[in-house]
Amino acid sequence: MANQLFFNSNSKSERYIALRQQLEALVGKEKDEVANMGNICAALKEAFDWFWIGFYIVRETQLVLGPFQGPIACTRIGFGKGVCGTAWAQAKTQIVPDVSAFEGHIACSMFSKSEIVVPIIKNNKVWGVLDIDSSELNSFDQLDQLELENMMLWFAGLL
Ligand code: SME
(Lines give C-alpha, C1' and ligand atoms only; values in the text may rest on other atoms or scores of the structure.)
Protein backbone atom coordinates (compact mmCIF):
# COMPACT_ATOMS: atom_id res chain seq x y z
CA MET A 1 0.00 0.00 0.00
CA ALA A 2 1.29 3.46 -0.89
CA ASN A 3 1.85 5.63 2.17
CA GLN A 4 2.13 8.94 0.36
CA LEU A 5 -0.05 10.73 -2.15
CA PHE A 6 1.28 12.69 -5.12
CA PHE A 7 -0.29 15.72 -6.77
CA ASN A 8 1.78 17.45 -9.42
CA SER A 9 -0.78 19.85 -10.87
CA ASN A 10 -2.52 22.94 -9.55
CA SER A 11 -5.55 22.32 -11.76
CA LYS A 12 -8.54 21.20 -9.72
CA SER A 13 -9.75 18.70 -12.31
CA GLU A 14 -6.29 17.13 -12.62
CA ARG A 15 -5.98 16.91 -8.85
CA TYR A 16 -9.33 15.08 -8.73
CA ILE A 17 -8.10 12.62 -11.39
CA ALA A 18 -4.85 11.97 -9.46
CA LEU A 19 -6.83 11.65 -6.24
CA ARG A 20 -9.24 9.15 -7.74
CA GLN A 21 -6.46 6.93 -9.09
CA GLN A 22 -4.61 6.92 -5.77
CA LEU A 23 -7.76 6.41 -3.71
CA GLU A 24 -8.70 3.39 -5.79
CA ALA A 25 -5.32 1.86 -4.98
CA LEU A 26 -5.50 2.86 -1.32
CA VAL A 27 -9.14 2.13 -0.51
CA GLY A 28 -10.41 -0.14 -3.29
CA LYS A 29 -9.34 -3.44 -1.75
CA GLU A 30 -10.18 -2.60 1.86
CA LYS A 31 -13.64 -3.56 3.09
CA ASP A 32 -13.65 -1.73 6.41
CA GLU A 33 -15.80 1.37 6.01
CA VAL A 34 -14.29 3.28 8.96
CA ALA A 35 -10.76 2.80 7.62
CA ASN A 36 -11.91 3.86 4.16
CA MET A 37 -13.73 6.96 5.39
CA GLY A 38 -10.64 7.93 7.38
CA ASN A 39 -8.37 7.65 4.35
CA ILE A 40 -10.84 9.44 2.05
CA CYS A 41 -10.93 12.41 4.46
CA ALA A 42 -7.14 12.48 4.78
CA ALA A 43 -6.64 12.23 1.02
CA LEU A 44 -9.16 15.04 0.32
CA LYS A 45 -7.42 17.17 2.94
CA GLU A 46 -4.06 16.56 1.32
CA ALA A 47 -5.37 17.22 -2.20
CA PHE A 48 -7.33 20.41 -1.49
CA ASP A 49 -6.52 21.50 2.08
CA TRP A 50 -10.12 22.43 2.87
CA PHE A 51 -10.87 23.57 6.41
CA TRP A 52 -12.99 20.59 7.45
CA ILE A 53 -13.78 17.28 5.74
CA GLY A 54 -15.83 14.57 7.34
CA PHE A 55 -18.55 11.97 7.26
CA TYR A 56 -21.85 11.92 9.09
CA ILE A 57 -23.59 8.55 9.21
CA VAL A 58 -27.35 7.92 9.53
CA ARG A 59 -28.14 6.34 12.91
CA GLU A 60 -31.92 5.99 13.29
CA THR A 61 -33.26 9.58 13.46
CA GLN A 62 -29.96 11.45 13.44
CA LEU A 63 -26.71 11.89 11.58
CA VAL A 64 -23.77 11.00 13.81
CA LEU A 65 -20.23 12.25 13.30
CA GLY A 66 -17.87 9.78 11.65
CA PRO A 67 -14.20 10.01 10.61
CA PHE A 68 -13.07 13.54 9.81
CA GLN A 69 -10.11 15.86 9.30
CA GLY A 70 -10.15 19.26 10.94
CA PRO A 71 -11.29 20.86 14.19
CA ILE A 72 -13.77 19.20 16.55
CA ALA A 73 -17.34 19.26 15.21
CA CYS A 74 -21.01 18.81 16.18
CA THR A 75 -21.67 15.19 17.04
CA ARG A 76 -25.33 14.82 16.07
CA ILE A 77 -27.54 16.49 13.46
CA GLY A 78 -31.30 15.94 13.11
CA PHE A 79 -33.18 14.98 9.93
CA GLY A 80 -33.68 18.13 7.85
CA LYS A 81 -31.47 20.23 10.13
CA GLY A 82 -28.60 22.33 8.82
CA VAL A 83 -26.93 21.70 5.49
CA CYS A 84 -26.17 18.05 6.32
CA GLY A 85 -29.69 17.24 7.50
CA THR A 86 -31.08 18.95 4.37
CA ALA A 87 -28.85 16.83 2.10
CA TRP A 88 -30.18 13.77 3.97
CA ALA A 89 -33.83 14.84 3.76
CA GLN A 90 -33.63 15.72 0.07
CA ALA A 91 -31.10 12.99 -0.87
CA LYS A 92 -29.46 15.73 -2.89
CA THR A 93 -26.09 17.50 -2.89
CA GLN A 94 -26.14 20.93 -1.27
CA ILE A 95 -23.70 23.64 -2.37
CA VAL A 96 -23.69 26.63 -0.02
CA PRO A 97 -21.55 29.52 -1.35
CA ASP A 98 -22.07 31.57 1.83
CA VAL A 99 -23.11 29.67 4.97
CA SER A 100 -24.37 32.87 6.63
CA ALA A 101 -27.08 33.03 3.94
CA PHE A 102 -28.30 29.43 4.54
CA GLU A 103 -31.21 29.46 6.95
CA GLY A 104 -30.62 26.94 9.72
CA HIS A 105 -26.93 26.41 8.96
CA ILE A 106 -25.26 24.69 11.92
CA ALA A 107 -22.03 26.54 12.67
CA CYS A 108 -19.53 24.09 14.14
CA SER A 109 -16.83 26.69 13.53
CA MET A 110 -16.89 30.43 12.95
CA PHE A 111 -14.15 29.93 10.33
CA SER A 112 -16.40 27.97 7.99
CA LYS A 113 -17.59 30.20 5.13
CA SER A 114 -18.83 27.87 2.38
CA GLU A 115 -19.82 24.23 2.30
CA ILE A 116 -20.72 21.26 0.13
CA VAL A 117 -22.60 18.21 1.41
CA VAL A 118 -22.94 15.08 -0.74
CA PRO A 119 -25.32 12.28 0.24
CA ILE A 120 -24.13 8.67 0.16
CA ILE A 121 -26.89 6.41 -1.15
CA LYS A 122 -27.00 2.69 -0.37
CA ASN A 123 -29.98 0.50 -1.35
CA ASN A 124 -31.90 3.63 -2.39
CA LYS A 125 -31.57 5.15 1.08
CA VAL A 126 -29.24 7.82 2.42
CA TRP A 127 -26.56 5.96 4.39
CA GLY A 128 -24.65 9.11 5.36
CA VAL A 129 -23.17 12.29 3.96
CA LEU A 130 -19.77 13.69 3.10
CA ASP A 131 -19.50 17.23 4.46
CA ILE A 132 -16.76 19.66 3.37
CA ASP A 133 -16.29 23.16 4.76
CA SER A 134 -14.05 25.88 3.37
CA SER A 135 -12.72 28.91 5.22
CA GLU A 136 -13.34 30.94 2.05
CA LEU A 137 -16.59 31.99 0.44
CA ASN A 138 -17.76 30.32 -2.76
CA SER A 139 -15.26 27.45 -2.76
CA PHE A 140 -17.38 24.76 -4.39
CA ASP A 141 -18.72 24.50 -7.93
CA GLN A 142 -20.25 21.99 -10.35
CA LEU A 143 -16.90 20.25 -10.83
CA ASP A 144 -16.63 19.57 -7.09
CA GLN A 145 -20.22 18.33 -7.10
CA LEU A 146 -19.61 15.96 -10.03
CA GLU A 147 -16.31 14.62 -8.71
CA LEU A 148 -17.46 14.21 -5.10
CA GLU A 149 -20.76 12.60 -6.16
CA ASN A 150 -18.79 10.13 -8.30
CA MET A 151 -16.45 9.48 -5.38
CA MET A 152 -19.38 8.81 -3.05
CA LEU A 153 -21.04 6.53 -5.63
CA TRP A 154 -17.81 4.54 -5.73
CA PHE A 155 -17.52 4.54 -1.91
CA ALA A 156 -21.16 3.42 -1.56
CA GLY A 157 -20.37 0.51 -3.89
CA LEU A 158 -17.75 -0.68 -1.38
CA LEU A 159 -20.19 -0.62 1.55
N1 SME B 1 -22.44 23.02 8.88
C2 SME B 1 -23.05 21.72 9.00
C3 SME B 1 -22.75 21.09 10.31
C4 SME B 1 -21.55 20.23 10.34
S5 SME B 1 -20.12 21.05 10.39
O6 SME B 1 -20.00 22.01 9.32
C7 SME B 1 -18.80 20.11 10.51
C8 SME B 1 -24.55 21.83 8.77
O9 SME B 1 -25.09 22.94 8.72
O10 SME B 1 -25.19 20.79 8.68
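This report describes the surroundings of the ligand and a few individual residues in a predicted model.

## Basis of the values

The model is predicted, so that local features need pLDDT of at least 70 and side-chain atom pairs count only at pLDDT 80 or more, while totals for chains, interfaces and linings use all residues. Residues are numbered from 1 along each chain as its sequence is written, and side-chain values use heavy atoms, with hydrogens and water left out.

## The ligand and its shell

The ligand sits in the largest cavity, where a cavity is a set of points, on a 1 Å grid over the protein atoms alone, at which a 1.4 Å probe fits but cannot get out; a molecule sits in a cavity if more than half of its atoms lie within 2 Å of its grid points. The elements that give two or more residues to the shell around the ligand are β1 (52–59), α3 (82–90) and β6 (125–134), and α3 gives the most, with three residues. Helices (H or I, at least four residues) and strands (E, at least two) are DSSP runs, numbered from the N terminus.

There are 13 residues around the ligand, of which V83, C84, I106, E115 and D133 come nearest; a residue is near a molecule if one of its heavy atoms lies within 4 Å of it. By class, the shell has eight nonpolar, two polar and three charged residues, where Ala, Val, Leu, Ile, Met, Phe, Trp, Tyr, Cys and Pro count as nonpolar, Asp, Glu, Lys and Arg as charged, and the others, Gly among them, as polar.

## Polar atoms facing the ligand

A polar side-chain atom of E115 lies 3.1 Å from a nitrogen atom of the ligand. Taken alone the ligand exposes 300 Å², and the protein buries 99% of that, with accessible areas coming from the Shrake-Rupley method with a 1.4 Å probe.

## Residues with positive phi

Most residues other than glycine have a negative phi. N124, in the loop between β5 (114–122) and β6, has a positive phi near 65°. N124 counts as exposed because its relative accessibility is 79%, exposed meaning over 50%, buried under 20% and partly exposed in between (1.4 Å probe, protein chains only).

N138 also is not a glycine and has a positive phi of about 60°; its place is in the loop between β6 and α4 (142–158). With a relative accessible area of 57%, N138 is exposed.

## Other residues

H105 lies in the loop between β4 and β5 and counts as buried, at 19% relative accessibility. H105 and C84 are 21 residues apart in sequence, and their C-alpha atoms are 8.8 Å apart in space.

Q94 is found in strand β4 (residues 94–96) and is buried, with a relative accessible area of 11%. The side chain of Q94 makes a polar contact with the side chain of Q90, at 3.2 Å; a polar contact is a pair of N or O atoms within 3.5 Å, and within protein one must be able to donate a hydrogen and the other to accept it, while residues adjacent in sequence count only if both atoms are side-chain atoms.

G28, in the loop between α1 (12–27) and α2 (33–48), counts as partly exposed at 28% relative accessibility. The C-alpha atoms of G28 and F155 are separated by 8.6 Å, although the two residues are 127 apart along the chain.

How values were computed: On a 1 Å grid over the protein atoms alone, a cavity is a set of points where a 1.4 Å probe fits but cannot get out, and a pocket is an open set with protein on both sides within 12 Å along at least five of seven lines; lining residues have an atom within 4 Å of a point.
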